[in-house]
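Please open the structure in your viewer and keep the selection panel at hand. The stops below are meant to be taken in order.

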Amino acid sequence: MGDPCGMAIPHLMASGLGGIRTSGDLVARMQFNKNMKIKDARKYVAKKLGVSDFEIGDEYIMRQLREELKIGVITGLPNAPRGIAAKMNIEDLLGIKINSCEKFRQMIAKR
Amino acid sequence: MSEIYTRMGDGSRVVTTRSKVIDDLNLGSADAADMGVIKALSSDLIEQLADIICDKNRVVGVEPGHEVVLTYDIGQLDFTGDNGNSGNGIDMGRLEAALLHERAMGADTFELAHADYSIKPVKPVISNEMQTMEEIQNEIVAPFFYGAMPNMGLYYKPDGPYGNPADLMREFKIEEAMDQAEKASEHMARDIEFVSTRIMSAGSDGFNFDTTGSAGDADVVGTFKGVEKLRKACPDADILLGMAGECVMGIHGSIEYDGKVVAGLFPHQQVKLAEKAGADVFGPVVNTNTGKSLAWNLGRAVTFVRECGKVAKIPIHVNMGMGVGGIPMCETAPIDAVTRCSKAMVEVAGVDGV
């Protein structure tokens, strides 16, 4: 699907969780990692975040929470973890393994 | 009765009435029920869909708390691709495109893609793709997959080594056509294993098999076998398997997967085989009829997808690009139509993602 203004953005506005704006990446990880349907995945993520199922889609709540938990935010924030560092924190939060983090750990020299 | 502005399946705007919308929803649903031998939508659900279509607002959306996960196809090609992909034709790096989707466009997941977006052309440049995957994984936070179409058509002459079944059947060489399709299917499964396992070794979260079955039933079987190989080699890989159409085309006609003939299978039957193969998430497709209304197409698509979701053990991410999922078939998708279909699939079909 091309035409991002006609596809990706309208779907986001109509029905999307919003990715790292809120908790969409976390819910997606549980869908793929544990084959959870949307209701179960939302509940699981909400419990791990310590908020309600309703609040995991709220940008106002999730922006602050993501920064506190160091799991990645959408704004350019110096010293805030992103990429592999943020994903390692997500592994701990959700109790899952993420392939890119595993590869990173395999690559670094043992100290 | 007040007039309603709606769309045809080709995207053109038409004026109609609520009663006509309800008639078309019922006819579309009945068509799906007839083809798939499944239940048509109840009158309550038809009314719910009519409310969505007849909403006076230009943009509609789900109630807060009902948001779902979005997955994507063609990766960065929505920015960089040409008109054939409804792409913007903007030359840019794949890292930038991925991070723009994550941080500027609210993507829950995203993917890396080759310009030809097919398994076969990735083979010669696999090292390049692995290197780019590693680079993007270092920066991105959201789940980031590799995406490609199985696209078995590329394995037939003149693009590939096998005889083209369409040409062979014209010459009444039916058995040879079936034999060539089976050989192409096996070859494609081997290539899927080659590409997908190497991409996983580069840190990919998983693989999106997009437009499965575009070359018919042998394409579906080859993809399922490729998925099996990936699952065996990488048990933790995230695997998204999306289809090409609501009904598997019987180009071969009798090729089987797990003891079942795959030609003629509909979404609620396809998903059971996708589960067997090892998919984590299934992407049902219902193609749009450009000569029918948005209501007819949406009623039909929701009927198929709702049944698929009912029987599925894995999450369902319905395909909702141009010309699928009730959305009109046109290059510049009307936002009123896209948001209506998106809301309908979440709230009426009950999908887990789009």
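This is a predicted model: local features need pLDDT of at least 70, side-chain atom pairs count only at pLDDT 80 or more; totals for chains, interfaces and linings use all residues.

Residues are numbered from 1 along each chain as its sequence is written, chains are lettered from A and ligands numbered from 1 in the order in which they are written, and side-chain values use heavy atoms, with hydrogens and water left out.

**The sheet**

Begin with chain B and select its open sheet of five strands, which has the order β3-β4-β5-β6-β9 with parallel pairing; strands, like helices, are DSSP runs numbered from the N terminus (E, at least two residues, for strands; H or I, at least four, for helices), and two strands pair if DSSP finds at least two bridges between them. At the edges stand β3 (110-118) and β9 (281-283) of chain B, each with a single partner strand, so one side of each is left without a neighbour in the sheet.

**Strand β6 and its partners**

Next select β6 of chain B, residues 238-243, where six of six residues are buried, buried meaning under 20% relative accessible area, with exposed over 50% and partly exposed in between (1.4 Å probe, protein chains only). B:D238, B:L240 and B:G242 point one way from this strand, whereas B:I239, B:L241 and B:M243 point the other way. Strand β5(B), residues 206-212, runs parallel to β6(B) and is joined to it by five bridges, and here you can find B:N208 opposite B:L240. The pairing of β6(B) with β9(B) is also parallel, over three bridges, and B:G242 stands opposite B:G283 of β9(B).

**Two helices**

Then move to helix α4 of chain B, residues 94-104, whose buried residues include B:R94, B:L99 and B:H101. Just after α4(B), look for B:G106, which takes a positive phi of about 65 degrees.

**A last stop at B:M169**

Which helix of chain B does B:M169 lie in? Select α7, residues 165-170, and you will find B:M169 there, partly exposed with a relative accessible area of 31%.
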